[in-house]
Amino acid sequence: MRTCYGCCGTYMYFSFLFWLYITIAIILVITGNGYRINIGTFLAETHPYMWGVLGIAIAISFSVVGAAWGIFLTGSSILGAGVNAPRIKTKNLISIIFCEAVAIYGIIMAIVFASDFKVMEFGMRAKGVTLATSYEGTFAPEDIFAGYSMLGAGLTVGISNLACGICVGIVGAGAACADAQDANLFVKILIVEIFGSAIGLFGLIIGIIQVERAKMGTVL
C-alpha cells in the first residue's frame, strides 16, 4: 500500500524538523540557556522584511505548484482522451488556460507585495509619548503590522490558488473525458470549471484587502 511516507517522504521531513527543534530546545535547557526559547521575542524582534518576503514566497510558490498540478491533471487527460477523439484537443485547451491563470494570480500578488517594501528605520526611539505614537521594541508597530499582513495575505493567496489549481485540474480532466464521449457535456462541465477557477480570484481579492493598509517604512 502506497502512503505519503513512501511516496514523497513528507512524514520523514516533518518528523526530522520536529526532532531537530526538540533537540535544540533540550540542549539550550541543559546548558542553562533555556531563557533564549522565547517565541514572543522572536515574533517581536524578527525583521518585518522577513515576514513580507515569506509572504511573497508562499504566494508565488503555492500558486505555481497549484497551476502545475492542474495542468498535469488536465493535460494528461486531454492527451489520453484525444487519442480516440482528436476533436477535443483544441477545445479543451481552455482548461489549461484556467490553470495557468492561477500562477498569474500569484505573480500579481507578488508584485503588489513587493511595492509595499520601503526604507525602514529600526532601533530608533519612539516619536512621541502618547499611546498612538509610543512603543517599546526594535521596530515600529506599523512596520510589524505590515510584515504580518504580507505573510497572512501570502498564505491566503497561496493556499487558495493551490486549492484552485487542483480543483480546476480535476474538473478539467473530467471535462476532457466527458467531451470525448459526448460533446454536449463539455459546456455543462465548463460552467463547473469556471466556478472552481473563481476560488483563486476570491483569494486574490482577500489578499489585496489584507495588505491594503500595510505601509512598511517610509518613502525617501
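Is Cys 167 buried, exposed or partly exposed? At 27% relative accessibility, Cys 167 counts as partly exposed. This is a predicted model.

**Cysteines**
- Cys 164 has 0% relative accessibility, so it counts as buried.
- The cysteine sulfur closest to that of Cys 164 belongs to Cys 167, 6.6 Å away.
- A disulfide needs sulfur atoms within 2.5 Å, so this distance is too far for a bond.
- The search of the whole structure finds zero disulfides.

**Nonpolar cores**
- The largest nonpolar core has 14 residues.
- Met 109, Phe 113 and Val 211 touch the most other members of this core.
- Helix 4 (48-81), helix 6 (93-114) and helix 7 (141-181) each give two or more residues to this core.
- Leaving aside residues up to four places away in sequence, Val 211 touches Val 112, Phe 113, Asp 116, Ser 149, Met 150 and Ala 153.

**Helix 6 against helix 8**
- Helix 6 and helix 8 (residues 185-210) pack with their axes 10 Å apart.
- The angle between them is about 0°, so the two helices are roughly parallel to each other.
- On helix 6, the contact residues include Phe 98, Tyr 105 and Met 109.
- On helix 8, they include Phe 186, Leu 190, Glu 193 and Gly 200.
- The residues of this contact divide into 11 nonpolar, four polar and one charged.

Terms used. Residues are numbered from 1 along each chain as its sequence is written. This is a predicted model: local features need pLDDT of at least 70, side-chain atom pairs count only at pLDDT 80 or more; totals for chains, interfaces and linings use all residues. Side-chain values use heavy atoms; hydrogens and water are left out. A nonpolar core is a set of buried Ala, Val, Leu, Ile, Met, Phe, Trp, Tyr and Cys residues joined through side-chain atoms within 4.5 Å. Buried means under 20% relative accessible area, exposed over 50%, partly exposed in between (1.4 Å probe, protein chains only). Helices (H or I, at least four residues) and strands (E, at least two) are DSSP runs, numbered from the N terminus. Contact means heavy atoms within 4.5 Å. Axes are lines fitted to C-alpha atoms, for helices over the stretch in contact, and angles run from 0 to 180 degrees between N-to-C directions. Angles under 35 degrees count as roughly parallel, over 145 as roughly antiparallel, 65 to 115 as roughly perpendicular and the rest as oblique. Ala, Val, Leu, Ile, Met, Phe, Trp, Tyr, Cys and Pro count as nonpolar, Asp, Glu, Lys and Arg as charged, and the others, Gly among them, as polar.
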